[in-house]
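Subject: Structure handover

Hello,

Here is the structure you asked to look at.

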Amino acid sequence: MAKKIRASVPAKVILFGEHFVVYGKRALATAINRRLAVAVSSREKAGYHVKIENIPTFGIELDLDRKKGDKKAYPYTDFGTATKAIAYVRESIEYLEQTYGIGSEGVELEIKSAIPLSAGLGSSAATCVATIAALKEYFGVSGDLDAIRDDAHSVEKKVQGAASPVDTAISTYGGYVSVENGKVTRLHLAELDLIVGCVGSIPLSICQDTKKASEMRLKTKKIVAEVKTRKETFTRIFDSILNASDEITVQAIRAMEHTDFVKLGALMNINHGLLDAIGVVPRRLSELVKMSQELGALGAKVTGAGGLDELGGVGSVVVLPGEPVERLKTAMEIAGALVMDVKTGDAGLRIETGF
Ligand code: PMV
């Protein structure tokens, strides 16, 4: 097979309702114009060769050839955070082999990404959706977008143990989705200009400790588990917080429909307060949000799972800027954040052939 296929997908930002969505409450998420692309082509040697470049934080190249007698189909060495991306690629290949019987007669996979890792921007789901879509197209496996989304969600759950459908839905469909009780609904809402800031650094003590490093790779899982414990301790208080979050998402969708950005920003600030209340806002993310609010942002909040101080406070914030934007961005950069201007509502999965 001499053809070349490229699948590209967007990153996601959860605008409202993260964590509370785990308990069935409404969340609103959007695709942003930061994309991850997987190119698939043939190579002479059998097996899969994977090259990952450009992901903010690392570049890596490795062979996923089977070794004779190996129980695990694709053994790989531990490359710190890189294994996180590799785990999703490897699991996607194994899943496609088992589910659709795709071959491994010499495949080159090249992944290029502008989505930072472990930042709550959906890099894992993006890797799964793009890898699965590209390989299905390459091997001529028929199916629609919904099937790709389901495949990717199965892989994400297998690697992480649990995953809500938000990220894979956004990577597949793009635009906006709301999720309630696990049900995904695609929404048509206007584009927004936002600022995303990713901050934090993984402490050396974690990088050097294999057990802690693998916990770090499952950061979302750990944070979700901590929230669950807190919820069990403060059941009735959590009930109120959950209902408040649900109402915030409903009002936010309405504010977007009416292009009421002042209200939208105020709702982001309230949502951030609830995330702080459930303990997922580490100091560095808290500072970024406070600073944005002080410098005139209409709204600012943690997005995604948030972070934990003991895991270096790694995570992201999303800001609906007022004016002036440049001063705010510079201040965020001085605070050590990777700052990105993003547009919401980006297109979903795109497949290109013959380039
Ligand atoms: O930070 P992320 O992209 O892993 O987002 C997690 C969002 C949660 O609501 C905390 C968990 C989930 O599965 O929805």
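Start with Lys12: one of its polar side-chain atoms sits 2.5 Å from an oxygen atom of the ligand. Please keep in mind throughout that this is a predicted model.

**Ligand site**

The side chain of Thr220 places an N or O atom 2.7 Å from a ligand oxygen. Ala305 uses its backbone instead: an N or O atom there is 2.7 Å from an oxygen atom of the ligand. How much of the ligand's accessible area does the protein cover? On its own the ligand has 380 Å² of accessible area, and the protein covers 88% of that.

Which elements give two or more residues to the shell? They are strand 1, residues 5–16, and helix 7, residues 219–233. Lys12 falls in the range of strand 1, and Thr220 in that of helix 7.

In total, 13 residues surround the ligand. Lys12, His19, Ser164, Thr220 and Ala305 are the closest. By type, the shell has five nonpolar residues, five polar ones and three charged ones. Domain 1 (4–190 + 345–353) supplies at least three shell residues, and so does domain 2 (193–343).

**Cysteines**

How many disulfides does the structure hold? The count is zero. For reference, a disulfide covalently links the sulfur atoms of two cysteines. Cys128 has 0% relative accessibility, so it counts as buried. Cys198 is buried too, because its relative accessible area is 8%, and the cut-off for buried is under 20%.

**Backbone points to check**

- Glu323 and Pro324 are joined by a cis peptide bond, with omega at about -10 degrees. Pro324 lies in the loop that runs between strand 10 (315–320) and helix 11 (325–334).
- Asn181 is not a glycine, yet its phi is positive, at about 50 degrees. Its loop connects strand 6 (176–180) and strand 7 (183–187). Asn181 counts as exposed because its relative accessibility is 62%.
- Thr259 also has a positive phi without being a glycine; the value is near 45 degrees. Thr259 is in the loop between helix 8 (235–257) and helix 9 (261–277). With a relative accessible area of 47%, Thr259 is partly exposed.

**Buried residues in helices**

Is His272 buried or exposed? His272 is buried, because its relative accessible area is 6%. This residue belongs to helix 9. In sequence, His272 and Thr303 are 31 residues apart. In space, their C-alpha atoms are 8.6 Å apart.

Glu91 sits in helix 1, which covers residues 82–100. At 10% relative accessibility, Glu91 counts as buried. Along the chain, 63 residues separate Glu91 from Ser154. The C-alpha atoms of this pair are 9.8 Å apart.

The cis bond is between Glu323 and Pro324. The positive phi values include those of Asn181 and Thr259.

Best regards

Definitions and conventions:
Residues are numbered from 1 along each chain as its sequence is written. This is a predicted model: local features need pLDDT of at least 70, side-chain atom pairs count only at pLDDT 80 or more; totals for chains, interfaces and linings use all residues. Side-chain values use heavy atoms; hydrogens and water are left out. A residue is near a molecule or strand if one of its heavy atoms lies within 4 Å of it. A polar contact is a pair of N or O atoms within 3.5 Å; within protein, one must be able to donate a hydrogen and the other to accept it, and residues adjacent in sequence count only if both atoms are side-chain atoms. Accessible areas come from the Shrake-Rupley method with a 1.4 Å probe; for residues, only the protein chains shown count as cover. Helices (H or I, at least four residues) and strands (E, at least two) are DSSP runs, numbered from the N terminus. Ala, Val, Leu, Ile, Met, Phe, Trp, Tyr, Cys and Pro count as nonpolar, Asp, Glu, Lys and Arg as charged, and the others, Gly among them, as polar. Domain bounds come from an automatic or database domain assignment. A disulfide is a pair of cysteine sulfur atoms within 2.5 Å. Buried means under 20% relative accessible area, exposed over 50%, partly exposed in between (1.4 Å probe, protein chains only).
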